[in-house]
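User: Please guide me through the salt bridges of the structure shown below.

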Amino acid sequence: MLYYFLQVDATQVADKVNMWDLLQKGGWIMYPLYLLFVASIFVFIERFLAINKAGKIEDNFMSIIRDNVVSGNLVAARNLAKNTNNAVARMIDKGLQRIGKPLEAIERSMENVGKLEVYKMEKNLSLLSLIAGVAPMFGFLGTIVGMIQLFYNINNSGFELNTIAGGIYVKMITSGTGLIVGLIAYVGYSVLTSQIDKTVYKMEAASAEFLDVLQEPTK
């Protein structure tokens, strides 16, 4: 019987207190934190897909390019590069367009395309870095607002638990939420930066291989 009453009481408490209700007690500062959270998730997913697409390359891509260039079949090489939608292919296509010019000019043209591709991959990435720094500041602002509310309630109603609970809620919830959102944005930024570095490595390797191919004798 005692177990039954304890179980019922615990169920009633769970019904009265849930995470959404607790977050709502954080006050108006929670709304910009909600927006920052949504923005960080959206930017991360959008950039993750875009960078993954830019860095995806078939294992035999450079082998086919090499065979076509060495055999003098530049049309087939260009068709392959133009029909492959990734950063490496666009850079190689620029190199194929410049064949016949000095090797330094070809390398410089490919480097310019590579820089443009990196710029495209880094688009909106600074927003995640900004959120990682701003979100904890909003949490700190919530701490200040909560303390002001806490002392205001004490001054008007005395030191009673019911009167100071609101200020404590604002202080703790906004601080915790700000840190969580900032951490999510920071982790997302780090993951995307690492993914970009991997793609840049693929581009550099492909560029070096292509320049070596141009110095091989044609069949």
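Analyst: Buried means under 20% relative accessible area, exposed means over 50%, and partly exposed lies in between (1.4 Å probe, protein chains only). This is a predicted model, in which local features need pLDDT of at least 70 and side-chain atom pairs count only at pLDDT 80 or more, while totals for chains, interfaces and linings use all residues. Residues are numbered from 1 along each chain as its sequence is written, and side-chain values use heavy atoms, with hydrogens and water left out.

User: How many salt bridges does a search of the whole structure find?

Analyst: A salt bridge is a side-chain nitrogen of Lys or Arg within 4 Å of a carboxyl oxygen of Asp or Glu. One of them joins Arg 47 and Glu 46 at 2.8 Å, N to O. For the whole structure, the number found is five.

User: Is Glu 117 buried or exposed?

Analyst: Glu 117 forms a salt bridge with Lys 120, their closest N and O atoms being 3.8 Å apart. Lys 120 has 42% relative accessibility and is therefore partly exposed. Glu 117 has a value of 3%, so it counts as buried.

User: Which helices hold Asp 93 and Arg 78?

Analyst: The side chains of Asp 93 and Arg 78 meet in a salt bridge of 3.0 Å, N to O. This pair ties together parts that are 15 residues apart in sequence, because Asp 93 and Arg 78 lie in helices H6 (residues 87-97) and H5 (residues 74-82), respectively. Helices (H or I, at least four residues) and strands (E, at least two) are DSSP runs numbered from the N terminus. The helices asked for are H6 for Asp 93 and H5 for Arg 78.
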